[in-house]
Amino acid sequence: MALTVSQLEGRRIGICVSGGLDSKTIAMRLKQAGADVLCFTADLGQPDEKDIRDVAKKMAPCGVETVIVDCRDEMAEACFRAILAQAAYDGGYWNSTGLGRAVTVRKLVQEMKARGITVLAHGATGRGNDQMRFERYTHQFAPEMDVYAPWRDAALLTEFPGRTQMCEYLAKHGIVAFPGGKKRYSTDGNLAGLSHEAEDLESLETAMTIVEPTMGVWPMQAPDKIETVAIVFEKGRAVAINGERLSPFDLMVKANQIAGRNGVGLSHALENRIIGTKSRGVYEAPGMEMLAQALRYVYQAVLDKRATTMFGELSRFIGVQIYEARYYDLATEAAFAALGTYAAHASGTVEVGLYKGSILFQSLTGVKASLYFEEDASMEASDGLNPVSSQGFAEIQSVEARSMAKAGQVKA
């Protein structure tokens, strides 16, 4: 049964906050309801947040403490696992929010439990994916913990039908807040990328270019020359860019900077939400796109035909699992483990050229497990595959083809 605000008196509640109008309103309203409130926010390396400590400053006028939880290393690891698995979702969306929620809730729940909190509150709406992600992950890591969703509480929806009512409510408690002008879209971000949706983007007559990129530029604004990037992979994980070995977090930051300035990683999708509706999104994920495409070139060299087919199926499966708040499920871990078998051979150096949103293959070296041998693939005379030996294979194929024709299974 869903919790309502009238049931929270005396409960110790941890609120996931961003520092915005909604967060302040929820914090004040739960305090007014007699709850013992403590706020939490996750540092996920958000590129749209200049200083994560500003969240605590924004929440301070509400008379609440905000705990900032460092999740940057965990977020980087999630990025690298998704890249290894090539785990994108509808339209090539790199699951930035799905990964971010998986990392956030697991880490925040740990912090909340350590402080005796028995209820997690989140500000997700009742129409989107995040409500499912917050609640499913909470119950995976703290089955005993209750979840309060303010924007599914009929009482609060009646009390605060819009931003104006929230501002008026806060003003009564001496907190100055403004509803602000109508935004053209809303944004959620972390190290993996940014998701833009809602407002003007809900209309399919609105071009995706109304978005002002935060992590880079649109391709038409990128430099008029190719930027060459060399990426070293070890067992499916990028370990160095342009000769510089970096930690996963620092490497993702570097990849975002390089790819972003070249207009890489901007995409559009009408994705299928968890709850069954469709949602329109415009996404930025420059580093994810560049690293994933570069790794794809390594996989092309080391995976045979059947391995490639199996890899694709597991990759798509993991992409859906991440999106649907099943990142930690046993099935997801099993799929990651299977892909790890293939990734164990994915080591080498890839050189790509970035040009106005495109990623151009330049070279692939040092791939010891490569199945590509020039002498076998050559159209010229070589010591590789003897073309005469293909005659028997062609004849066997022809037997099957003729049989299908005789049986009338193939329409002329």
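Which residues line the second largest pocket?

## The second largest pocket

The model is predicted. In it, Gln86, Ala88, Arg296, Tyr299, Gln300, Leu303, Thr308, Phe311, Gly312, Ser315 and Arg316 line the second largest pocket. The space inside comes to about 230 Å³.

Two helices, helix 9 and helix 10 (305-323), each supply at least two residues of this lining. Helix 10 gives the most, with five residues. By class, the lining holds four nonpolar, five polar and two charged residues.

## Helix 9 against helix 8

Helix 9 (residues 286-302) also packs on helix 8. Their axes come within 7 Å and cross at roughly 95 degrees. That angle makes helix 8 roughly perpendicular to helix 9.

From helix 8, the contact uses Leu251, Met252, Ala255, Asn256, Ile258, Ala259 and Gly260. Helix 9 answers with Pro286, Gly287, Met288, Met290 and Leu291. Nine of these residues are nonpolar and three are polar, with no charged residues.

## Helix 8 against helix 3

Helix 8 (residues 248-261) packs with helix 3 (residues 72-85) at an angle of about 65 degrees. The axes lie 8 Å apart. Helix 3 is therefore roughly perpendicular to helix 8. The crossing is left-handed.

Helix 3 brings Arg72, Asp73, Ala76, Cys79, Phe80 and Ile83 to the contact. Helix 8 brings Pro248, Phe249, Leu251 and Met252. Eight residues here are nonpolar, two are charged and none is polar. Leu251 and Met252 of helix 8 meet helix 3, and Leu251 and Met252 also meet helix 9.

Key:
Residues are numbered from 1 along each chain as its sequence is written. This is a predicted model: local features need pLDDT of at least 70, side-chain atom pairs count only at pLDDT 80 or more; totals for chains, interfaces and linings use all residues. Side-chain values use heavy atoms; hydrogens and water are left out. Axes are lines fitted to C-alpha atoms, for helices over the stretch in contact, and angles run from 0 to 180 degrees between N-to-C directions. Helices (H or I, at least four residues) and strands (E, at least two) are DSSP runs, numbered from the N terminus. Angles under 35 degrees count as roughly parallel, over 145 as roughly antiparallel, 65 to 115 as roughly perpendicular and the rest as oblique. A crossing is left-handed if the near helix is turned anticlockwise from the far one by less than a right angle, and right-handed if clockwise. Contact means heavy atoms within 4.5 Å. Ala, Val, Leu, Ile, Met, Phe, Trp, Tyr, Cys and Pro count as nonpolar, Asp, Glu, Lys and Arg as charged, and the others, Gly among them, as polar. On a 1 Å grid over the protein atoms alone, a cavity is a set of points where a 1.4 Å probe fits but cannot get out, and a pocket is an open set with protein on both sides within 12 Å along at least five of seven lines; lining residues have an atom within 4 Å of a point. Grid points are joined across faces, edges and corners, and a volume is the space filled by probe spheres set on the points.
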